[in-house]
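Please look at the structure below before reading on.

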Amino acid sequence: MEATVATKEHHSWADDKNEKKPFEASYGKMMMWFFIMSDALTFSGFIIAYGAMRFKFIETWPIADEVFTHIPFSHGTYPMIYVAFMTFVLIFSSVTMVLAVDAGHQMKKNKVAWYMFATIIGGAIFVGSQAWEWKTFIQGSYGAVQMNDGKIIQFVDGTGHQVTLESFTTSHETVREQHSRKNGLWFVKESSLPVFTMDEVVEGFKKHPELSIRTEKIDLATKTKEILSREASLAHLAEGKAVVKGANLEVNEYGKTLFADFFFFITGFHGFHVFSGIIFNIIIFFNVIIGTYEKRKSYEMVEKVGLYWHFVDLVWVFVFTFFYLV
Amino acid sequence: MAEHGHTSTLLYGLVKPKNNVSKIWWVFGFLSIITIIEVALGIYKPKSLHLSSLESSIHWSIDWFLNLITFGGTSPLNWIFIVLTLIKAYGITWAFMHMDGEKKWFRRSIVWTTIFLICYLALILLIEGSYLHDVMGPYVKWDY
């Protein structure tokens with residue numbers, strides 16, 4: 001009965017150590033575990049929804065390592081490298097976190113503080129990298145054309161490598177002005193206009209006989225996108241509706257818009273978790289420094305926030321696999 | 001907190017680190033190696049592990065083996081990725097989150113519940129996804 005009846009008015013941190021606990025886990029730690037479980041189910045809901053849509057469009061889904069090929073300060077194509085770097089940063093910040101927890105068990109205040117600090121830095125590098133990844137994805141790399149029925153067609157040269165719109169299209173400066181709140185209806189605005197018009201792209205394509213068009217369709221034997229003959233390319237281009245550069249929630253130069261939607265939603269939701277994890281880590285870091293846990297004679301709070309941080313890493317492992325690898 | 005004071009072993013006693021810190025670095029090395037393998041496979045994507053290359057090289061394989069491999073609806077390469085990911089998840093949960101130090105039934109209440117619900121949801125939705133593909137695929141126009 002002692003465990004269920006409140007015998008004292010005030011519950012102290014010392015009591016927390018002496019009490020009998022279910023599963024020998026403290027209340028806070030157990031609740032952190034159950035929160036993590038529910039959050040894991042939320043994330044798996046998103047990733048499985050991604051999987052369902054991918055199975056639905058299995059023949060036309062964008063190939064991820066053709067999309068994320070950029071690394072900072074370089075113009076080459078390096079598939080996977082940057083995401084691999086991000087993964088290592090996050091795993092390493094998990095290591096410093098668990099080292100902080102271990103130092104906490106030994107009641108070494110300075111060590112805990114330094115390891116927490118390293119964890120915060122690692123998290124900040126990760127979020128920064130993700131911001132750069134978003135920026136690159138939004139800006140796009142080659143540009144493409146969206147057809148009347150919404151399909152995306154891209155441009156390739158004779159060797160099958162994608163080429164940029166700029167490389168074969170010249171602008172005639174006939175582009176109308178972007179409609180903003182200042183110069184048009186005050187309650188309507190539109191996003192920035194593409195650099196080229198549809199007519200200019202068609203004209204440029206006709207001048208370059210070596211170019212052809214790549215569709216969204218995947219040849220399952222080679223796991224590459226289908227490349228059309230010159231005649232079929234021209235027929236496809238005649239159906240073109242709009243010039244697309246980059247990706248957003250409405251259109252995506254790499255293929256299915258759903259791919260961009262899931263990318264922004266899943267990595268955004270994960271990035272938000274990393275961000276809040278950094279905030280928690282900073283709070284606990286300052287608590288360590290002012291000696292809160294030294295007085296409490298227990299660094300369990302570091303352990304709890306550590307659980308959350310490892311969970312963020314755990315989710316990234318799955319996002320990495322299902323977004324970039326599979 | 002069972003991990004206080006003594007160091008727990010890794011991989012059911014296969015690895016016995018000196019102390020907690022060396023255990024952490026051991027796990028880090030383990031996770032790094034798996035990640036490097038994943039990235040290497042992701043970049044080079046060996047053709048022999050694609051679904052279609054298995055179907056075309058049917059002369060060396062027997063039917064039941066092919067069925068076993070293609071049963072999951074995806075290529076052997078993707079299954080390798082998924083298995084490696086689950087191993088990584090195990091490493092993070094057991095070593096870094098100290099799941100190995102929790103009471104058996106507390107651990108099971110978390111792990112079994114999560115795995116069961118995820119498998120259930122994945123099964124339902126992926127079947128639904130491929131059904132949608134089978135039904136709607138033929139109506140997508142590709143000739144212009």
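In chain A, helix 2 (residues 27-56) and helix 8 (residues 257-289) pack at an angle of about 170 degrees, with their axes 10 Å apart. Helices here are DSSP runs of H or I with at least four residues, strands are runs of E with at least two, and both are numbered from the N terminus. Axes are lines fitted to C-alpha atoms, for helices over the stretch in contact, and angles run from 0 to 180 degrees between N-to-C directions. Helix 2 of chain A and helix 8 of chain A are therefore roughly antiparallel to each other (angles over 145 degrees count as such).

This is a predicted model, in which local features need pLDDT of at least 70 and side-chain atom pairs count only at pLDDT 80 or more, while totals for chains, interfaces and linings use all residues. Residues are numbered from 1 along each chain as its sequence is written, and chains are lettered from A and ligands numbered from 1 in the order in which they are written.

Which residues of the two helices meet? From helix 2 of chain A come A:Phe46, A:Ile47, A:Tyr50 and A:Met53, and they meet A:Leu258, A:Phe262, A:Phe265, A:Ile266 and A:Phe269 in helix 8 of chain A. Two residues are in contact if their C-beta atoms, placed from the backbone, lie within 7 Å. The residues of this contact divide into nine nonpolar, no polar and no charged. Ala, Val, Leu, Ile, Met, Phe, Trp, Tyr, Cys and Pro count as nonpolar, Asp, Glu, Lys and Arg as charged, and the others, Gly among them, as polar.

Now turn to chain B. Chain B has five helices and zero strands. Where it meets the other chain, 43 residues of chain B are in contact with 47 residues of chain A. Helix 1 (20-44), helix 4 (76-96) and helix 5 (104-136) of chain B are the elements that give two or more residues to this side of chain B. Helix 5 of chain B gives the most, with 15 residues. By class, the side of chain B that touches chain A has 23 nonpolar, 15 polar and five charged residues.

One residue can be followed more closely. B:Met97 sits in the loop between helix 4 and helix 5 of chain B. B:Met97 counts as buried because it has 27 C-beta neighbours inside 10 Å (the cut-off is 20 or more other C-beta atoms within 10 Å, with C-beta atoms placed from the backbone). Leaving aside neighbours within four places in sequence, B:Met97 is in contact with A:Leu307, A:His310 and B:Ile92.

Note on methods:
A residue is buried if 20 or more other C-beta atoms lie within 10 Å of its own, exposed if 12 or fewer, and partly exposed in between; C-beta atoms are placed from the backbone. Angles under 35 degrees count as roughly parallel, over 145 as roughly antiparallel, 65 to 115 as roughly perpendicular and the rest as oblique.
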